[in-house]
Amino acid sequence: MIEYTVIYERGQTNWGAYVPDLPGCVSIGDTLAEVQENIKEAIELYLEVLKEDGKSIPEPSTEVSKVAVTI
């Protein structure tokens with residue numbers, strides 16, 4: 001099993017998601033739950049295509065954290 005960082009962004013009418021370690025691996029959905037399922041499928045397909053093309057699977061290297069600031 002391999003785990004990649006996924007960034008979720010809420011738009012005005014839907015949700016988007018992308019995987020920084022997998023360039024071009026993106027998805028959208030009407031809800032957060034939908035985009036979470038969609039990006040999982042997108043990652044699986046992305047990795048499958050890499051394997052079929054004989055390319056290496058990128059190691060996860062992106063870290064995410066939140067920073068609290070006083071305003």
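Trainee: Where does Asp21 lie?
Mentor: Asp21 is in the loop between S2 and S3. Keep in mind that this is a predicted model.

Trainee: Is Asp21 buried or exposed?
Mentor: Asp21 is buried, and it has no salt bridge.

Trainee: Which side chain of opposite charge is nearest to Asp21?
Mentor: That is Lys55, and it is 17 Å away. A salt bridge here needs nitrogen and oxygen within 4 Å.

Trainee: Then which backbone nitrogen lies 2.9 Å from a polar atom of the Asp21 side chain?
Mentor: The one of Ser61.

Trainee: And what does Asp21 touch?
Mentor: Leaving out residues up to four places away in sequence, Asp21 touches Tyr4, Pro58, Glu59, Pro60, Ser61 and Thr62.

Trainee: Let's switch to the strands. In what order do they form the sheet?
Mentor: The order is S1-S2-S3. Those three strands make an open sheet, and the pairing is antiparallel.

Trainee: Which strands stand at the edges?
Mentor: Strand S1, residues 7-10, and strand S3, residues 26-29. Each has a single partner strand, so one side of each has no neighbour in the sheet.

Trainee: How much are neighbouring strands turned against each other?
Mentor: By 20° on average, with direction ignored.

Trainee: What holds strands of a sheet together in general?
Mentor: They pair through backbone hydrogen bonds, in a parallel or an antiparallel way.

Trainee: Back to this sheet. How many bridges pair S1 and S2?
Mentor: Four, in the antiparallel sense. One of the pairs is Arg10 with Trp15 in S2. A hairpin of four residues joins S1 to S2.

Trainee: And over how many bridges do S2 and S3 pair?
Mentor: Four bridges, antiparallel, with S2 covering residues 15-18. Tyr18 has Val26 in S3 as its bridge partner. Gly16 stands opposite Ile28 in S3.

Trainee: OK, the helix. What does H1 lie across?
Mentor: Helix H1, residues 32-52, lies across S1, S2 and S3. It runs at about 150° to S3.

Trainee: Pick a residue in H1 for me.
Mentor: Take Ile43, which is in helix H1.

Trainee: Why does Ile43 count as buried?
Mentor: Because its relative accessibility is 13%. The cut-off for buried is under 20%.

Trainee: What does Ile43 touch?
Mentor: Not counting residues up to four places away in sequence, Ile43 touches Tyr4, Val6, Val19, Leu22 and Cys25.

Trainee: How far apart are the C-alpha atoms of Ile43 and Tyr4?
Mentor: They are 8.7 Å apart, while 39 residues separate the two along the chain.

Trainee: Last topic, charges. How many salt bridges does the count come to?
Mentor: One. The side chains of Glu44 and Lys40 form it, at 3.0 Å from N to O.

Trainee: How do Glu44 and Lys40 sit in helix H1?
Mentor: They are four residues apart in H1, so about one helical turn separates them.

Trainee: Is Glu44 buried or partly exposed?
Mentor: Glu44 is partly exposed, at 43% relative accessibility. Lys40 is partly exposed as well, with a relative accessible area of 47%.

How values were computed
Residues numbered from 1 in each chain as written. Predicted model: local features only at pLDDT ≥ 70, side-chain atom pairs only at ≥ 80, totals over all residues. Heavy atoms only, no water. Pairing = 2+ DSSP bridges. Helix = DSSP H or I, 4+ residues; strand = E, 2+ residues; numbered from the N terminus. Axes fitted to C-alpha atoms, helices over the stretch in contact; angles between N-to-C directions. Contact = heavy atoms within 4.5 Å. Buried < 20%, exposed > 50% of the residue type's maximum accessible area, 1.4 Å probe, protein only. Lys, Arg positive; Asp, Glu negative; His and termini not counted. Polar contact = N/O pair within 3.5 Å; in protein donor to acceptor, adjacent residues only side chain to side chain.
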